[in-house]
Amino acid sequence: MDSEEDDLMEMFQAAVVGGGPAGLQAALTLGRMHVSTVLFDDGRYRNASSARMRNVLGSDGSAPEELRAAGRSELGAYPWVRIIEGRVENASLWDSAFALRGDGHEHVAEHLLIATGVRDTLLPIPGLAEMWGDVVLPCPYCHGHEFAKGPIAVISSGGHAEHIGGLLRGVTDAVPVLHPERVEEVIRSAAGVTIRLHDGTAVEAACVFIPPNPAPRSGLAEQLGVTTDENGILVDPLGRTSRSGVWAAGDVARRIDPRIPAAVITAMASGLVAAADIAAAVAITRDRTL
Ligand SMILES: Cc1cc2nc3c(=O)[nH]c(=O)nc-3n(C[C@H](O)[C@H](O)[C@H](O)COP(=O)(O)OP(=O)(O)OC[C@H]3O[C@@H](n4cnc5c(N)ncnc54)[C@H](O)[C@@H]3O)c2cc1C
């Protein structure tokens with residue numbers, strides 16, 4: 001990095017990549033602690049296809065974008081937080097800090113929170129993608145109750161089918177569980193969905209649950225050599241990753257137990273916890289230099 005480049009780089013105490021519930025809550029916590037923070041967001045939210053968000057106290061049944069818009073508006077009260085609409089394509093070490101680069105922007109931050117969420121890969125069954133987040137669903141805590149008149153179908157297999165089917169049997173009486181290989185297509189019906197099977201029969205249901213098969217939405221963890229596994233970025237209870245100075249929160253971070261729902265409140269909670277730990281790290285660095 002030459003000195004001319006140094007001059008162009010703006011330095012923040014913290015960077016948050018991702019402006020979903022995890023990143024916005026983290027930015028709020030950092031803003032309230034007067035930590036200079038830059039938040040990047042390219043606006044591809046996991047629950048974007050859902051009209052209604054459930055199981056969020058105080059906002060049960062509201063539109064997901066209402067929460068994000070309210071969060072962004074509230075951040076306006078904290079001039080230490082800057083929001084940049086755009087993607088961070090590349091993260092690298094820059095002395096003891098992190099350089100973050102995207103199309104037309106370059107910033108440096110002493111502490112980095114990865115809150116970039118996940119993207120889902122649906123089963124390759126015709127019809128599922130068109131109704132994802134509406135009557136094709138991933139999480140019983142988010143959308144089971146609204147369909148309690150049933151039946152609620154599950155297209156899945158193995159441990160996932162057992163776990164989701166078991167939860168849903170507490171919500172409704174009829175929970176047909178179908179192995180994905182039996183299903184030809186899923187069609188919207190007046191009552192919800194018609195699931196057409198390869199054997200020529202069909203199953204009617206109010207909605208259907210499928211495994212979401214999530215994968216990280218960004219490669220930032222890999223670029224920084226942060227340890228991950230198939231369930232996300234490995235973090236300790238404070239959201240610290242394997243690399244000093246890097247935290248992770250929200251759906252991209254591995255939960256201590258996969259049965260804990262990946263949901264708006266858990267994302268916000270982990271964002272707050274990580275941000276509080278970042279604020280504590282900022283305070284320690286500041287006090288050392290006084
Ligand atoms: C269909 C569906 C319905 C759901 N319904 C509910 C519900 O009713 N209630 C509930 O509690 N939970 C629900 N969830 C779960 C909920 O959406 C997630 O748990 C929550 O959004 C996770 O928040 P997050 O901040 O981790 O990620 P996200 O909300 O996905 O936000 C991550 C953000 O980071 C951005 N980003 C990624 N990479 C970069 C990058 N390199 N640079 C800049 N920005 C980047 C993304 O574009 C996105 O804007 C639902 C999930 C799905 C799939």
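Let me start with what I mean by a pocket: on a 1 Å grid over the protein atoms alone, a pocket is an open set of points where a 1.4 Å probe fits, with protein on both sides within 12 Å along at least five of seven lines, and its lining residues have an atom within 4 Å of a point. Grid points are joined across faces, edges and corners, and a volume is the space filled by probe spheres set on the points.

Before we go in, please keep in mind that this is a predicted model, where local features need pLDDT of at least 70 and side-chain atom pairs count only at pLDDT 80 or more, while totals for chains, interfaces and linings use all residues. Residues are numbered from 1 along each chain as its sequence is written, and side-chain values use heavy atoms, with hydrogens and water left out.

So, the second largest pocket. It holds about 340 Å³ of space. Its lining is made up of 22 residues, and those nearest the centre are Arg254, Arg255, Ile256, Thr266 and Ser270. Which helix gives the most to this lining? That is helix H7, residues 264-289, with six residues. Helices here are DSSP runs of H or I with at least four residues, strands are E runs of at least two, and both are numbered from the N terminus. By class, the lining has 14 nonpolar, four polar and four charged residues. For that count, Ala, Val, Leu, Ile, Met, Phe, Trp, Tyr, Cys and Pro are nonpolar, Asp, Glu, Lys and Arg are charged, and the others, Gly among them, are polar.

Let's stay with Arg254 for a moment. Its side chain meets that of Asp229 in a salt bridge, at 2.6 Å from N to O; the term means a side-chain nitrogen of Lys or Arg within 4 Å of a carboxyl oxygen of Asp or Glu. Asp229 sits in strand E16 (residues 228-229) and Arg254 in the loop between E18 and H7, so this pair ties together parts 25 residues apart in sequence. The cut-offs are under 20% relative accessible area for buried, over 50% for exposed, and partly exposed in between, with a 1.4 Å probe and protein chains only.

How many salt bridges does the structure hold? There are 15. Another one joins the side chains of Arg46 and Asp251, at 2.9 Å from N to O. Arg46 lies in the loop between strand E2 (37-41) and helix H3 (64-75), and Asp251 in the loop between strand E18 (246-248) and H7, so the pair ties together parts that are 205 residues apart in sequence. Arg46 is partly exposed, at 25% relative accessibility.

Then we have Asp134 and Arg188, whose closest N and O atoms are 2.9 Å apart in a salt bridge. Asp134 is in the loop between strand E7 (118-120) and strand E8 (136-137), and Arg188 is in strand E11 (residues 183-189), 54 residues apart. Both ends are partly exposed: Asp134 at 34% and Arg188 at 45%.

One last stop, for contrast. Val208 is found in strand E14 (residues 207-209), and Val208 is buried, with a relative accessible area of 0%. Back in helix H7, Val273 is partly exposed at 30% relative accessibility. Thanks, everyone!
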